[in-house]
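Please open the model in your viewer and keep the selection tool at hand. The tour goes from the whole chain to single side chains.

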Amino acid sequence: MKYWKKITLAVLAMLICSMTLYAYAVTHPSNAMSHKACTSWDIVKRKAFQLSHSDFSSQSALDRSTFKVEQGTATEVPVLMYHYIEPKLNNHEASNKSIINLEDFEQNMKYLHEAGYTTITLDQLEQYVNGKISLPLKSIVITFDDGYQNNYTLAYPVLQKYNFHASLFVIGSKIQDKPSVFEPAINSFISKPEMQAATDVFEFNSHTYNLHHKGFMRCGNSVPVGLDTSLLDDDIQQMKETGIDTPYLAYPFGYTSTQMIYKLQQHGYRMAFTVKSGFVHPGDHPMKLPRLTVTTGTDLAALLQSAEWSACIGERRVNTRH
C-alpha cells in the first residue's frame, strides 16, 4: 500500500506540474519558452505514464552488465535501411536520401557477398538482442521501408542472386491487389501476387496500415499521426486483416513515444526499428533499435568497418544521416 501511495502522489505531482507547463504554453503560443514548456510537459507526461502503467518495461530484459558475448561471435549487428531503388538513368533526385541507384545497390550486394556477410532474419535478430543466441561475426540485416514495387522488380533479383534474405516493411494501405506494369520513373507499390512470389527472399513486416503521414500536432510541429495512440488500435487491426500479422514494425519516419511503444506491445509487437543511426547489440531496447541508412554514394565497406572498429575499442560509433 505504501508503494502505491508513493506512486499515486508522484503521478499527481507530475500532473500538476504538467498542467502548469501546458497553461504556460497555451498563454504564450509564440514565445520561444512555450516550445520548451511543451517539451517539458511531454517529458512529465511520459514519466507519469510509466509510473501509472506497472506492466510497462522501458528496458530490455537482458542484464547487459552480466551478459557476455561468446568469443568469435558478433558483438553488434548492422541493420541496413533502404527505401526506393531506381536505375541511375531515371534518378533525377540525386540529393534524395530515400533513393539509391540500382547500380549502387547491386554493388552493395556484391560487396556483402564477396566479404562473406550472412543475412539473418528478424526472428534471429530478436533472439540475439534478448541474449538467447549468438550470431556469426559478419551477420547483417537488410531492410526496406514502404513497400515500393521496385523492391520486387529491381532489388529482389539481386538479392536472390546472392541468396540473401531481407525484410520489407510495407504500408498496408498501399499494397495493391494486382501488379501494375512496372515503370521505373513511376512511383508504384508492391502487389499481393508479387509479395507471394518473393517469399523466398523477403519477409514482410509492418510500417503501419495507414499512419505513414504527418498531421498530428505536438508542441507546434506537425509529426507522424502514429504518435496519436488513439489511432493505433484500428490501424493495427487493419494491418492484420491484410495478412501482415507480425511482431515486427518500422516506425513511420522513425518517430516513436513511450505511449506508442506501450500500445504496440499490448498488441503483441516485440521489436521495432527507428531511423536513428547505430548498430544493434545484445541488451538493446527491442522497441528502439537503430539502423544504418544506405543511399547513392554510400561507402558501404567503410560503414561496416566502422562497426568492427567500434567493437575493438568498446565504443559505439554514431553515424550521421539525412
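Begin with the whole chain, which is a predicted model. Colour it by secondary structure to find nine helices and 12 strands. Of its 322 residues, 47% are buried.

Next, select Phe105, Met109, Leu112, Phe144, Leu159 and Phe202, the residues with the most contacts inside the largest nonpolar core, which has 38 residues. Elements that give two or more residues to this core include strand S1 (79-82), helix H3 (102-114) and strand S5 (139-146). Helix H5 gives the largest share, five residues.

Another core, of 17 residues, lies apart from the largest one; select Val79, Ile120, Leu122 and Leu135 among its members.

Now show the aromatic rings; the whole structure has 12 aromatic pairs. Pick Tyr84 and Tyr148: the ring centres are 4.8 Å apart and the planes are at 75 degrees, so this pair is edge-to-face. Tyr84 is in strand S2 and Tyr148 in the loop between S5 and H5, 64 residues apart. Both tyrosines are buried.

Move to Phe105 and Phe144, an edge-to-face pair with 5.8 Å between centres and 65 degrees between planes.

Finish with the lysines. Lys138 lies over the face of Tyr117, 5.4 Å from the ring centre. The charged end of Lys214 is over the ring of Phe253, at 5.2 Å from its centre.

Definitions and conventions:
Residues numbered from 1 in each chain as written. Predicted model: local features only at pLDDT ≥ 70, side-chain atom pairs only at ≥ 80, totals over all residues. Heavy atoms only, no water. Helix = DSSP H or I, 4+ residues; strand = E, 2+ residues; numbered from the N terminus. Buried < 20%, exposed > 50% of the residue type's maximum accessible area, 1.4 Å probe, protein only. Core = buried A, V, L, I, M, F, W, Y, C linked by side-chain atoms within 4.5 Å. Phe/Tyr/Trp six-rings, centres within 6.5 Å; stacked < 30°, edge-to-face > 60°. Lys NZ or Arg CZ within 6 Å of the ring centre and 35° of its normal.
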